[in-house]
Amino acid sequence: RHKHRGWQSWFNPMVEVTFTEPDIFGQKHPIETPQLIKEALIELDSELATLPEGNSWEQAKEKCAPELVDNDHKLMFLRCEVF
């Protein structure tokens, strides 16, 4: 396992991120820790807060079922992009 600090530009540089060994495709994957998940959700919420008023995220929170805008759903998108 490899340890890196400040993996990707949007992670909090104070959060230590540990990666798996490269898989058969040469990709390293961050090991999800409670701290990493918490920090990633905080960063995502910060980014969502910068969207202009009336954006699609605000519309989804108003019109969609709560489970489609909760942290579990946000984490699904983070995993798709990063984890």
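Modeller: The model is a predicted one. Its protein chain has three helices and two strands, in the order β-β-α-α-α along the sequence. Of its 83 residues, 25% count as buried.

The structure contains three salt bridges. Side chains of opposite charge can pair when their charged atoms come close.

One of the bridges joins Arg79 to Glu32, with the closest N and O atoms 2.8 Å apart. Arg79 belongs to helix α3 (residues 71-81), while Glu32 is in the loop between β2 (16-19) and α1 (34-49), so this pair ties together parts that are 47 residues apart in sequence. Arg79 is partly exposed at a relative accessible area of 38%, and Glu32 is partly exposed at 31%.

Helix α3 also takes part in a second bridge: Lys74 lies in α3 and Asp45 in helix α1, so parts 29 residues apart in sequence are tied together. The N to O distance between Lys74 and Asp45 is 2.5 Å. Lys74 is buried, with a relative accessible area of 11%, whereas Asp45 is partly exposed at 33%.

The remaining bridge links Glu58 and Lys61, whose closest N and O atoms are 3.5 Å apart. Both residues lie in helix α2 (residues 56-63), three residues apart, which is about one turn of the helix. Glu58 is partly exposed at 29%, and Lys61 is partly exposed at 41%.

Technical notes: Residues numbered from 1 in each chain as written. Predicted model: local features only at pLDDT ≥ 70, side-chain atom pairs only at ≥ 80, totals over all residues. Heavy atoms only, no water. Helix = DSSP H or I, 4+ residues; strand = E, 2+ residues; numbered from the N terminus. Buried < 20%, exposed > 50% of the residue type's maximum accessible area, 1.4 Å probe, protein only. Salt bridge = Lys/Arg side-chain N within 4 Å of Asp/Glu carboxyl O.
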